[in-house]
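I opened a notebook for this one and jotted down what I looked up, in the order I looked it up. Here are the entries.

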Amino acid sequence: MARVGVLALQGDVCEHTSMLERVGAEVVAVRDVEQLDTLDGLVMPGGESTTIAYLLTTSGIRPILEKKIDDGLSVLGTCAGLILLAHEILDGRSDQWSFDVLPLSVRRNGYGRQISSFETVVEVKGVGEVPGVFIRAPKIETWSDDLEVLAFHDHGDGEHPVLVRRERIWGCSFHPELTNDDRIHRLFVDAL
Amino acid sequence: MSSLHDSSIIGSALVKRGLADMLRGGVIMDVVNPEQAKIAEDSGAVAVMALERVPSDIRRDGGVARMSDPEMIQGIQAAVTIPVMAKARIGHFAEAQILEALDVDYIDESEVLTPADEENHIDKWDFTVPFVCGATNLGEALRRIGEGACLIRSKGEAGTGNVVEAVRHLRTINAQMRRLQTADSNELFALAKELQAPLSLVQEVSLTGKLPVPLFCAGGISTPADASLVLQLGAEAIFVGSGIFKSDDPERMAKAIVEATTHFRDAHMVAKVSTGLGAAMKGIEIASLEQRLAERGW
């Protein structure tokens, strides 16, 4: 059974936890450095990226997690989690940092403020149509060729990736954990 | 709810409740200007509530408390990247329409402002932007959800720095939910009548044991220990009003309350962040109050 951590500093931790349990993973809530040991994978949930980044620093998790990711830990980041994994953050705080492990630039609230938050259907490569819940969602604006794009969405301004992967690192603009469809979590856990 | 150019839908219950889900485990701070908003964001707040006066000042000044000046709300929106909430008076749907036009991320139909309608709350289904409402008990919470609220907070007694009322409201809501869970289906009709709440929501709570929307805590939280207390009582996130910017060292207090909210079960951590914080806001004994804000709304 795969042991998957959910970064539990802030955000929709319990939705990810129940999804991961549904697809057969053993789930660990990660609030401290010690809880990072012996994980096969880690989910960075939705929430506020500035808050999670702040708490990653104060908890001392940041440098340890950086090392674990370097050493090959698999990570799935949704929404705020995607921002934390991005190479470049647009419209963020001037001092906003990230783990810089996905070769893309992402614009915070790129799909607009809450009033523009939306639900749609996303076609995921090899999976089919999944519900896409975008909440103050980050928009991937530029991306490198060695990024595998598993799903695009066109919101009236051309196609932008919304589910991407580079080797062990996965990023998602929307919130599969808020729906009843567990196929994206299954995809991540099956690849561990 | 409406359609966009493609098959997308905005303003659905899922996206409205979804933002509240994203705020879980966080601290929403009252701020009265862009400088305070920056301090809140720097200290790890998940959102700010933009208002002209914090509740303790509203209480002190008296008079009619209304929606804030749009210029002040926009100044705060420009200053931070986190969600910005703002308050409308109970029943004042025109103030809510203005706040929606300003693109605020959440509207608080709040008893802290002077009510504009003594019988009706706002029909919140009518809006694309989500609403949070206060409640003192389960019936009140379910009535607000029936009207379309996507997030419930305890009312507590705002502006007092005294957490006792928030504790009372959380305990009441939890006890009433436990009662519904142990009731059989025949009893739910009478219980819905007793709670004065929509039957379908009473039946849902009876099955799930929790509200259909997140439950946060507001009203009187002023220390990291207060945060830990209400989170252990089942609140999923907290609103802090006067407690931060009426303390001796707002930035330190804000950071300490954020840490205590994340690590609320870790007493060593809460002890560490509580150490040498300086004075919390002075606070008021509830029995000495002339005006109980929690009694506004029904």
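Entry 1: I began with B:Lys246, which is partly exposed at 36% relative accessibility. This is a predicted model, so I am reading computed values throughout. I looked for what the lysine pairs with and found B:Asp57, the two side chains meeting in a salt bridge with N to O at 3.0 Å. The two ends sit far apart in the chain: B:Lys246 is in the loop between helix 11 (242-245) and helix 12 (250-262) of chain B, while B:Asp57 belongs to helix 3 (residues 55-61) of chain B, 189 residues away. Is B:Asp57 buried or exposed? I checked, and B:Asp57 counts as buried because its relative accessibility is 15%, and the cut-off for buried is under 20%.

Entry 2: Next I picked B:Lys124 and B:Glu109, which form a salt bridge with their closest N and O atoms 2.7 Å apart. B:Glu109 is in strand 6 (106-110) of chain B and B:Lys124 in the loop between that strand and strand 7 (131-135), so the bridge ties together parts 15 residues apart in sequence. I noted B:Lys124 as buried, at 0% relative accessibility. B:Glu109 is buried as well, at 2%.

**Entry 3: one more bridge in chain B.** I then looked up B:Glu165 and B:Arg292, a salt bridge whose closest N and O atoms are 3.6 Å apart. B:Glu165 lies in helix 7 (residues 164-182) of chain B and B:Arg292 in the segment after helix 13 (267-274), so this pair joins parts that are 127 residues apart in sequence. I have B:Glu165 down as buried, with 4% relative accessibility. B:Arg292 is partly exposed, with 27%. How many salt bridges are there over all chains? I got a count of 38.

**Entry 4: where the chains meet.** I turned to the boundary between the chains. On one side are 41 residues of chain A, in contact with 43 residues of chain B. The area buried between them is about 3,300 Å², and carbon and sulfur atoms give 53% of that. I found five salt bridges across this interface. One that I looked up is B:Glu41 with A:Arg93, closest N and O atoms 3.0 Å apart. These two also belong to a salt-bridge network, linked with A:Asp95, B:Lys38 and B:Asp42. I also counted 21 residue pairs in polar contact between chain A and chain B, both at pLDDT 80 or more.

Which elements of chain A give two or more residues to the side that touches chain B? I listed helix 1 (13-22), helix 2 (49-58), strand 7 (118-124), strand 8 (128-134) and strand 10 (148-154). Helix 2 of chain A gives the most, with five residues. By type, the residues on this side of chain A divide into 11 nonpolar, 17 polar and 13 charged.

**Entry 5: an arginine at the boundary.** I stopped at A:Arg136, in the loop between strand 8 and strand 9 (139-143) of chain A. A:Arg136 is buried, with a relative accessible area of 7%. Its side chain makes a polar contact of 3.1 Å with the side chain of B:Asp105. A polar atom of the A:Arg136 side chain also lies 3.0 Å from the backbone oxygen of B:Thr81. Leaving out residues up to four places away in sequence, A:Arg136 touches residues of both chains, including A:Glu48, A:Asn109, A:Gln114, B:Leu19, B:Ile82 and B:Pro83.

**Entry 6: the nonpolar cores.** Last, I looked inside. The largest nonpolar core has 112 residues, and A:Met44, A:Leu56, A:Leu65 and B:Ile238 touch the most other members. Apart from it lies another core of 28 residues, including A:Val6, A:Trp170 and B:Ile10.

How values were computed:
Residues are numbered from 1 along each chain as its sequence is written. Chains are lettered from A and ligands numbered from 1 in the order in which they are written. This is a predicted model: local features need pLDDT of at least 70, side-chain atom pairs count only at pLDDT 80 or more; totals for chains, interfaces and linings use all residues. Side-chain values use heavy atoms; hydrogens and water are left out. A nonpolar core is a set of buried Ala, Val, Leu, Ile, Met, Phe, Trp, Tyr and Cys residues joined through side-chain atoms within 4.5 Å. Buried means under 20% relative accessible area, exposed over 50%, partly exposed in between (1.4 Å probe, protein chains only). A salt bridge is a side-chain nitrogen of Lys or Arg within 4 Å of a carboxyl oxygen of Asp or Glu. Helices (H or I, at least four residues) and strands (E, at least two) are DSSP runs, numbered from the N terminus. Contact means heavy atoms within 4.5 Å. Buried area is the accessible area (1.4 Å probe) that two parts lose on being put together, summed over both. A polar contact is a pair of N or O atoms within 3.5 Å; within protein, one must be able to donate a hydrogen and the other to accept it, and residues adjacent in sequence count only if both atoms are side-chain atoms. Ala, Val, Leu, Ile, Met, Phe, Trp, Tyr, Cys and Pro count as nonpolar, Asp, Glu, Lys and Arg as charged, and the others, Gly among them, as polar.
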